[in-house]
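Reader: Could you walk me through this model and tell me what each label rests on? I'd like the criterion next to the value every time.

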Amino acid sequence: MNKINVYGLGYIGLPTASLLASKGYEVLGIDVSAKVVDTINEGNVHIVEPDLDVLVRSVVNSKKLSAALQPTPADVHIIAVPTPFKDNHEPDVSYVEAAANTICDVLEVGNLVILESTSPVGSTEMISDIIKKRLPNVSPIYVAHSPERVIPGRVLHELIENDRVIGGVDDQSTNVAIEFYQSFVNGEVIATNARTAEMCKLTENSFRDVNIAFANELSLICDKLDINVWELVKLANHHPRVNILQPGPGVGGHCIAVDPWFIVSADPEHAKLIHQARLVNDAKPQWVIEKILTCAKQFTQPTIACLGAAFKADIDDLRESPSLNIIKQLQQKNAGDLVVVEPNVKAIEGLKLISLEQAINEADIIVILVDHKEFKKLTAAQLQDKYVIDTKGILN
Ligand code: SAJ
């Protein structure tokens with residue numbers, strides 16, 4: 001297995017493709033965007049992830065990685081396309097379906113097809129069915145799920161070091177996929193079936209969502225009872241069997257705020273806690289907005305500085321960001337003069353970005369929305385004459 005096609009060159013596909021290329025595989029990245037394809041073929045990147053730019057440049061220069069709009073035959077086909085949800089929170093697997101159909105155009109006997117995208121239970125079997133229907137005489141084809149588990153900001157490290165759960169549609173598929181992952185993963189590569197692998201990934205992110213919801217719920221209760229929630233969490237976590245996560249302005253990103261819905265939609269009757277956690281986390285931005293508006297009422301035309309717009313610390317990713325959601329809603333409500341500090345991006349359409357220093361000088365109200373490293377250096381003394389709403393507890 002020497003030739004690999006990676007379908008979808010986003011936050012998972014591009015790092016995976018580059019890593020495999022750096023391990024000596026001949027990799028073709030396929031994307032529907034001509035702009036993305038051109039950018040990569042020029043040796044550049046369209047996403048921000050530590051060290052990715054250097055790696056992509058090196059593997060494009062050494063001709064191990066190239067990009068195209070259409071695939072050519074390969075030994076391994078890795079699907080890393082988005083799996084969002086629809087307006088009704090049902091999973092949208094149309095990109096996976098489209099990728100499976102594209103793969104069928106070049107599929108050959110003995111090929112391995114791997115679904116890496118986080119997907120609802122049954123998606124890997126769906127791919128296998130599409131292949132069987134389109135190419136009934138091309139057999140064997142191995143099909144497996146190997147959910148990505150990397151965290152933005154540490155993707156290249158975690159791609160190699162994290163354990164992988166691999167589930168094929170049959171035992172042979174599992175074994176072939178395991179052998180492939182063992183060629184570049186240092187972590188343990190663990191065998192299961194496709195449905196369990198799919199559920200495993202959804203479970204990991206739901207575990208996190210439920211635990212963050214617990215912390216967010218506590219933050220509301222503590223606010224009412226005049227208790228510092230961060231001190232409370234720290235103290236409770238001294239118990240050897242308690243490990244509460246951190247409250248914040250809400251849960252963002254395209255994983256934890258999305259994947260639990262795949263479980264809820266698969267079994268709404270029983271997924272009560274998982275569903276409620278989603279509702280709690282999704283309601284948190286509104287609670288923060290109300291806090292800011294109540295505070296703003298004490299001024300005639302306050303300058304409100306929002307620190308952070310990304311969905312979490314030290315990244316540039318604004319997708320599904322609760323902080324950006326809060327900022328945009330504040331803007332609509334005309335609560336005051338709104339300024340934003342976001343050290344990781346150059347501009348955000350429609351918003352006034354200023355430096356941290358300027359924000360501290362000018363603002364009446366400071367809203368800490370993200371615990372970026374630049375903000376963590378702030379001290380309560382620096383902000384003593386400001387009204388501060390600290391959703392991340394960095395001043396504790
Ligand atoms: N958050 C909190 N409190 C916390 C931890 C996180 O409010 O204590 C918020 C963050 O600010 C952010 C959101 O949750 O808005 C998600 O951040 P995250 O760092 O927990 O996770 P993601 O979405 O960047 O990546 C997750 C990871 N999953 C788990 O840790 C179980 C990653 O390993 C997955 O690969 C990724 O989802 C994915 O692609 O599914």
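Author: Strands (E, at least two residues) and helices (H or I, at least four) are DSSP runs, numbered from the N terminus. This is a predicted model, where local features need pLDDT of at least 70 and side-chain atom pairs count only at pLDDT 80 or more, while totals for chains, interfaces and linings use all residues. Residues are numbered from 1 along each chain as its sequence is written, and side-chain values use heavy atoms, with hydrogens and water left out.

Reader: What is the strand order in the sheet with mixed pairing?

Author: That open sheet has eight strands, in the order 3-2-1-4-5-6-7-8. Its edges are strand 3 (65-68) and strand 8 (189-193), as each of them pairs on one side only. Neighbours in this sheet are turned by 25° against each other on average, direction ignored; the axes are lines fitted to C-alpha atoms, for helices over the stretch in contact, and angles run from 0 to 180 degrees between N-to-C directions.

Reader: How do you know that strand 2 and strand 3 pair?

Author: Four bridges join strand 2 (residues 26-30) to strand 3, and the criterion asks for at least two, so they count as paired. The two run parallel, and isoleucine 30 has alanine 68 in strand 3 as its bridge partner.

Reader: What makes strand 10 and strand 12 edge strands?

Author: Strand 10 (337-341) and strand 12 (387-390) each pair on one side only. They belong to an open sheet of four strands, ordered 10-9-11-12, with parallel pairing. Strand 9 (residues 303-307) and strand 10 share five bridges, one of them between alanine 305 and valine 339. Helix 12 (residues 322-333) lies across both of these strands, at about 160° to strand 10, with contact meaning heavy atoms within 4.5 Å.

Reader: Which residues come nearest to the ligand?

Author: Glu148, Arg149, Val150, Lys201 and Gln246, out of 21 residues around the ligand. To be near, a residue needs a heavy atom within 4 Å. Helix 8 (residues 194-225) gives the largest share of this shell, five residues. By class there are nine nonpolar, four polar and eight charged residues.

Reader: What makes the bond between serine 139 and proline 140 a cis peptide bond?

Author: Its omega is about 0°. Proline 140 sits in the loop between helix 5 (123-134) and strand 6 (142-145).

Notes: Ala, Val, Leu, Ile, Met, Phe, Trp, Tyr, Cys and Pro count as nonpolar, Asp, Glu, Lys and Arg as charged, and the others, Gly among them, as polar.
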